[in-house]
Amino acid sequence: MGIFKHGLFEDVTENFLLMGKENQPYTKILDENKECLLVSYTCEEGYEIEEHFHDWIEFTLVLSGEKRIYVEGQENILSSGDIIMIDYNKVHSSLANKETTQITIQLKRGFIEKYVPEFESNKIVCSSTKITSVYDYYIYKNIIDIFCYLANTFIRNNAIIKADFIGFLYLLIYKLMEECKIDKNTENKFNTDNRYIQNIISYINSHYNEDISLKMLGEIFYLTPEYISKIFKDELGTGFKEYLINLRLDYAEVLIKKTRKTMLEISDECGFPSNKSFINSFKKRYKKTPMQYRKEYII
């Protein structure tokens, strides 16, 4: 099963009414107790925030660019439209791979507990870098849409802003509890040496439509191609090539069903070496051509 490239969400910038001008941060506080804070800013390539932690729950949505966010040592590569939740007191840091614009909402621990006392943040994993299926894609698209509405309640300035905010916060927390709760049976799926496969997958999330090979990954992560091939089979139960093809097909399926792009455009956007290889791979998996598949799900 593949993992989607997160540029699928790149049109989220259109959902915002006001942003910081140039590189000047836009900051707004919701209430007098300073329990809710929104910050929007653009940072240059190479901008780094060192490790820190705080008693806030933090949601960050990347509007454009690409950055690495490390949470408790685990790397998440977020590109346009990606979202991540960082729990209270989790040590985290970040590094901008490109010039990056983002919106961050921080909520004090007591603020959420006051309105949704049953919310157990330590049992929630929310990061669109974890998408592994078409179903996950739609879950995160919904979460991102709700976050956009939530952020806009800061940006709008009227008498009912707090009522709006609490309403959308309830909706966001509900979706997190329903869709992003940790399954205890898979909570420890990755450990020790499996950090390698996590980092490799995070890289592929943002670059899978490029010419990726085991040799290239080995040079990036200072591992032998043979070792990378082995951990793919051991940890994911599939070979690297099969994994990459399935990943591209997952993305292609969404584009076929939800856009009017030509098959040649989809083939190129998903990273297939040729339109012929795209059609052959698609037929092998879905038992029909991409065009036949589209006719069943025509918009």
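Residues are numbered from 1 along each chain as its sequence is written, and side-chain values use heavy atoms, with hydrogens and water left out. In this predicted model, local features need pLDDT of at least 70, side-chain atom pairs count only at pLDDT 80 or more, and totals for chains, interfaces and linings use all residues.

**Exercise 1.** Decide whether C180 is bonded to C126.

Solution. A disulfide requires cysteine sulfur atoms within 2.5 Å. The closest cysteine sulfur to that of C180 is in C126, at 4.8 Å, too far for a bond. The model's disulfide count is zero.

**Exercise 2.** Describe the salt bridge between R285 and D250.

Solution. A salt bridge places a side-chain nitrogen of Lys or Arg within 4 Å of a carboxyl oxygen of Asp or Glu. The closest N and O atoms of R285 and D250 are 2.6 Å apart. R285 lies in helix 9 (residues 275-286) and D250 in helix 7 (residues 240-258), so the pair ties together parts 35 residues apart in sequence. Helices here are DSSP runs of H or I, at least four residues, numbered from the N terminus. Buried means under 20% relative accessible area, exposed over 50%, partly exposed in between (1.4 Å probe, protein chains only). R285 is partly exposed at 29%, whereas D250 is buried at 1%.

Terms used: Helices (H or I, at least four residues) and strands (E, at least two) are DSSP runs, numbered from the N terminus.
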